[in-house]
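Please keep the sequence and the model at hand while reading.

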Amino acid sequence: MILFKMRIICVSVNSAAPVFYNLNTDETIWITETTPVAICVFNISVSDADNDTLTLIILNQSPMTKFSLSEHAVLTIAEFDFENVQDRAYTLRIRADDGSTHIHGILNIKIQNEFDEIPIISGPLSAPIQENQPAGTFLFGLFDVTDADFGDTLDYTLSGMHASFFKIDPSTGLVTTSQAFDYEGEITTFDLLLTVTDKGGNSANVSLFISLSDVNEYTPTFNQSTYVVLIDEDSPKDTSVIELFATDADFSQSLAYSVKYGDPWGFFTFDETKTNQININKCINLDSPDNHPSTYSLIVVVTDDGSPKLTGTTYVMITVNRNNDNAPVFGATSPNSTLTVSYSPYNDY
Ligand SMILES: [Ca+2]
Ligand SMILES: [Ca+2]
Ligand SMILES: [Ca+2]
Ligand SMILES: [Ca+2]
């Protein structure tokens, strides 16, 4: 009898490839742009009928490398920014390898916008407005606001000490006056606080400064329509002649005085420092051969510094008091001239 000894060797045959359960077709998931780093955004479900040890790798990812694998977990390794159009969608090609066979799966990761960008307010943050403008006047160019978030909308509000004097359109940010203002009134500058809030609740605020500008509404007026003054002949240069007074109801305007008519000789001028005072500019000698008059009727104007400028007028009547500054002289000197001397006997009896 012949006995055969049979030795049976069992050899494992890798007959089954790995199988993805959630990457069989292109899989798309959404994550927000504010997803932090080192967060698991997807768990790959894969099995192998042979119970082989599987190796998972990301073969490639585009457009940038922002994910890694830790066993079956897809992790973020960088931050995202939806406002960067290159940073809105990723494709990961993933391979599962059991040592002899491998399969591929595609994971699409899309980035979802969030309203995470804070509004930015920029200048000039101040603006002038003329007095007397009606309620509802727009204040253009007061500020600019930008918000980098795609599709964000902004809400505008005003607060602060003088907020009630102005209105702001909550959706456009256009600022208008809620009343007319008087520069000659109590308030000429306004302090406001602008707050801009986006859909994500992010807000920014800045101070706004609005200043009222004067309109030249009032003509400067002298307190007298005519001034009368008497001066001495031969008064020296810079002698004060008269001080004139004018007022202007526009707030804090400067007034300038000048002689418009009546002094072609330039005898009179306004003091350089006390600008409402007329001084002697040139000594007046009534006995000069030029035969200067002893009375002067000056038309004097006062001009404000508004735009356009306004002027007021007054009259200054100046009389020069003749000095008895010439002794009588004997005028006839020829040998044949006759000097007549009269004599009035004093009758004291
Ligand atoms: Ca935003
Ligand atoms: Ca955003
Ligand atoms: Ca005014
Ligand atoms: Ca004025």
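The structure is a predicted model. Its secondary structure comprises zero helices and 27 strands. Of the 349 residues in the protein, 18% count as buried.

**Overall make-up**

- Among contacts between residues at least 6 apart in sequence, 69% link residues that are at least 24 apart.
- Strands of a sheet pair through backbone hydrogen bonds, in either a parallel or an antiparallel sense.

- Three strands make up an open sheet with antiparallel pairing, and their order is 12-16-15.
- Strand 12 (138-139) and strand 15 (166-168) are the edge strands; each has a single partner strand, and therefore one side of each has no neighbour in the sheet.
- Strand 12 pairs with strand 16 (residues 175-177) in the antiparallel sense, over two bridges.
- In strand 16, Thr-176 is the residue that stands opposite Phe-138.

**Strand 27 and its partners**

- Strand 27 spans residues 311-321. Its pairing with strand 20 (residues 226-232) is parallel and runs over seven bridges, with Ile-231 opposite Val-320 of strand 27.
- Strand 26 (residues 295-304) pairs with strand 27 in the antiparallel sense over nine bridges, and Thr-303 stands opposite Thr-311 of strand 27.
- A hairpin of six residues connects strand 26 to strand 27.
- In a regular strand, side chains alternate between the two faces of the sheet.
- The covered face of strand 27 consists of Gly-312, Thr-314, Val-316, Ile-318 and Val-320. Its uncovered face carries Thr-311, Thr-313, Tyr-315, Met-317, Thr-319 and Asn-321.

**Nonpolar cores**

- The largest nonpolar core contains 18 residues; those with the most contacts inside it are Val-241, Leu-244, Phe-268, Leu-298, Val-300, Val-316 and Ile-318.
- Strand 20, strand 26 and strand 27 are the elements that contribute two or more residues to this core. Strand 26 supplies the largest share, four residues.
- Which residues are in contact with Val-316, leaving aside its neighbours within four places in sequence? They are Tyr-227, Val-229, Ile-242, Ile-278, Leu-298 and Val-300.
- A second, separate core has 13 residues, among them Leu-154, Ile-168, Val-175 and Leu-192.

How values were computed: Residues numbered from 1 in each chain as written. Chains lettered and ligands numbered in written order. Predicted model: local features only at pLDDT ≥ 70, side-chain atom pairs only at ≥ 80, totals over all residues. Pairing = 2+ DSSP bridges. Buried ≥ 20, exposed ≤ 12 C-beta atoms within 10 Å, placed from the backbone. Contact = placed C-beta atoms within 7 Å. Core = buried A, V, L, I, M, F, W, Y, C linked by C-beta atoms within 7 Å.
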